[in-house]
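Me: I would like to learn how to read the inside of a folded chain, one feature at a time. Could you take me through the structure shown here?

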Amino acid sequence: MTQTEAKKTDGKIENPPDCKTKGNCPCNVFERCRKRRPYGSDVWGSPKNKAQAMGIIAFDGGDKITDRGRLNKMLQDLMDRNQKRAAEGQKFNKFFGNVYSATGTYNSALVLPETTDLEITNQMEKLKASLRNVAVFTDFQKSMIIRANLVRNGLMLKSDIYEGETFGSNDLVPYPFAKGVMNEMWAIDHVQIRAKGGCNRFCNAGVLKFGVNSSKGDDGPGCPCVTALREKDPNLRPFDPHPKEGGYFLFVCVTYNRNQDEGEPPKELPGICGPEKLCNLDDPRGCRRAHAPIVTVFKE
């Protein structure tokens, strides 16, 4: 449902056959999200894999890094850089970062410092305030997702293969926005896209090439009953007009709310994750299930 179509109907047309109840939305995006397990639950739910994922872990593109001395050197380089940035009042990412690699396929290696169950739990508690629709994945979430992907794939970072989609080679590079290979670098994908109300819970995450992730645009899967805009629109009914992050305002497409009185707030949309619903936090450590392809299509 496009913004133009939403404006054109403006609540003046009778309910369609697939939307017979006042204020209800026919989409089942939330159910599809809930049926997917939190990303990495196959790794974080296994004591052996979890221990590996929590240790110092790194990716150098085609070069499995297992030597403890080399890992310690890379970690020290990252900590030294972060300490320097902190002293200069600059922001830095404490969950992962890129450092120069003297060996390996690439000039830059992705490094994730050792963590603990207590630290993860503390970060999960902080994460609760950031879980919402149209929000970006936090650096902490990205670190959990990347750790799981590396362990699952034998310390190699691989793009997830979505069912019904082929992306060619699924090898990823550790470069952060490097010239010439930007489309091949890793990116954390919203399976149900942010522009259609996709949330930033672990059940909505996948690892894709940056170029493939970008190509989804606004044509990716999501709830057809909402539209997310960067500016408020008086012709659309606001669903959540005060986003904490992410740059989008979320609106209900009135096509699916056409019997409501003017000014009446929209009913709950099944395609939108709310704070009281099952996938509120979906800590991947809490359930163990074999990894399976992420079920989605790019066009609706």
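Reply: Let us begin with the terms for position: helices and strands are DSSP runs, numbered from the N terminus. This is a predicted model, and its chain holds eight helices and eight strands.

Me: Where is the place of Met156 in that numbering?

Reply: Met156 sits in the loop between H7 and S4.

Me: Is Met156 buried or exposed?

Reply: Buried means under 20% relative accessible area. Met156 is buried because its relative accessible area is 15%. Leaving aside neighbours within four places in sequence, Met156 is in contact with Phe59, Gly62, Asp63, Lys64, Asn149 and Leu150, while its C-alpha atom is separated by 8.5 Å from that of Leu172, 16 residues apart along the chain.

Me: Which residues have the most contacts inside the largest nonpolar core?

Reply: A nonpolar core joins buried residues such as Leu, Ile, Met and Trp through side-chain atoms within 4.5 Å. The largest one here has 33 residues, and those with the most contacts inside it are Leu110, Met124, Ile146, Leu157, Trp186 and Ile188. Among the elements that each supply at least two residues of this core are helix H6 (117-127), strand S3 (108-112) and strand S4 (186-190), while H7 gives the most, with seven residues.

Me: What does Trp186 touch, not counting residues up to four places away in sequence?

Reply: Trp186 touches Phe96, Leu110, Ile146, Leu157, Leu172, Val173, Pro174 and Leu208.

Terms used
Residues numbered from 1 in each chain as written. Predicted model: local features only at pLDDT ≥ 70, side-chain atom pairs only at ≥ 80, totals over all residues. Heavy atoms only, no water. Buried < 20%, exposed > 50% of the residue type's maximum accessible area, 1.4 Å probe, protein only. Helix = DSSP H or I, 4+ residues; strand = E, 2+ residues; numbered from the N terminus. Contact = heavy atoms within 4.5 Å.
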